[in-house]
Amino acid sequence: MSKGLLIVISSPSGGGKGTILKELFKRNENLRMSVSATTRAPRPGEEHGVHYFFISKEEFQKNIEDGAMLEYASYISNFYGTPKAPVEAWLNEGKDVILEIEVQGGRQIKQVAPDCVSLFVLPPSLEVLENRLRGRGTETDEVILKRLSAAREEIQCVKDYDYTVINDTVEQAVLDIEAIITAEKHRVSRDKTIVERILNHA
Ligand code: ADP
Ligand code: 5GP
């Protein structure tokens, strides 16, 4: 069985990752979502073990020291990181795994797993981004301003990614991501035994 595809998805906060991925998961059974660990407080409705593992700074530090994180980063005064074990297990089972992470983490994943595919979700404009972030109503004005300022920096990192996806409509963004995943899975470099298998098939 071939290994699954490791897919990194980044965007500025409010770019629409959560919304797009919810739709994508409804339609694709072979996908698995990595649940990150974070030191930030849960938002209303967020559940431990479902949206994040909400842990203390001490616990986070211990996970790093134990080598249990595939990557981690500090983002606006909190730590976020990807637990290594579930990702490795799913990839070995042939599942495609999505990491919804920010740009510092994306860079680390490219180093430890160069065969991953990385996507950057962009809003149609910064004005739309601000309206969506405000419309979500989950952050204070102060945090929204920090996230918008971080967004200007993060968007510069698009050059380090393999693909961009513009989140104008959710439907089109999901179709674009499905097309990228399909194309990546058909790369000759990902299946070096294909010719042998076809020639030797009885
Ligand atoms: P992220 O997970 O990247 O921080 P969200 O998925 O929470 O972003 O999206 C931010 C806000 O924008 C949410 O309120 C969401 O409903 C809204 N939104 C996302 N994508 C679209 C879209 N294509 N059109 C209109 N609103 C959108
Ligand atoms: P939020 O607080 O809005 O849930 O997430 C803030 C940022 O942290 C988002 O850009 C999100 O993609 C990123 N993030 C979430 N989990 C991880 C993770 O495990 N590692 C890294 N590096 N970033 C993460």
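Modeller: Here is a short talk about the chain and its two ligands. This is a predicted model, in which local features need pLDDT of at least 70, side-chain atom pairs count only at pLDDT 80 or more, and totals for chains, interfaces and linings use all residues. Residues are numbered from 1 along each chain as its sequence is written, chains are lettered from A and ligands numbered from 1 in the order in which they are written, and side-chain values use heavy atoms, with hydrogens and water left out.

Colleague: How many helices and strands does the protein chain have?

Modeller: The chain has eight helices and nine strands.

Colleague: What makes Arg136 a polar contact of ligand 1?

Modeller: A polar contact is a pair of N or O atoms within 3.5 Å (within protein, one must be able to donate a hydrogen and the other to accept it, and residues adjacent in sequence count only if both atoms are side-chain atoms). An N or O atom in the Arg136 side chain is 2.8 Å from an oxygen atom of ligand 1, so the pair qualifies. The side chain of Asn167 also has an N or O atom 2.8 Å from a nitrogen atom of ligand 1.

Colleague: Which helix gives the most to the shell around ligand 1?

Modeller: Helix H1 does, with three residues. Altogether, 15 residues surround ligand 1, each with a heavy atom within 4 Å of the ligand.

Colleague: And how do you know that Tyr80 makes a polar contact with ligand 2?

Modeller: A polar side-chain atom of Tyr80 lies 2.6 Å from an oxygen atom of ligand 2, so this pair passes too. For Arg43, a polar side-chain atom lies 2.8 Å from an oxygen atom of ligand 2.

Colleague: How much of ligand 2 does the protein cover?

Modeller: The protein covers 96% of the 510 Å² of accessible area that ligand 2 has on its own. Such areas come from the Shrake-Rupley method with a 1.4 Å probe; for residues, only the protein chains shown count as cover.

Notes:
Helix = DSSP H or I, 4+ residues; strand = E, 2+ residues; numbered from the N terminus.
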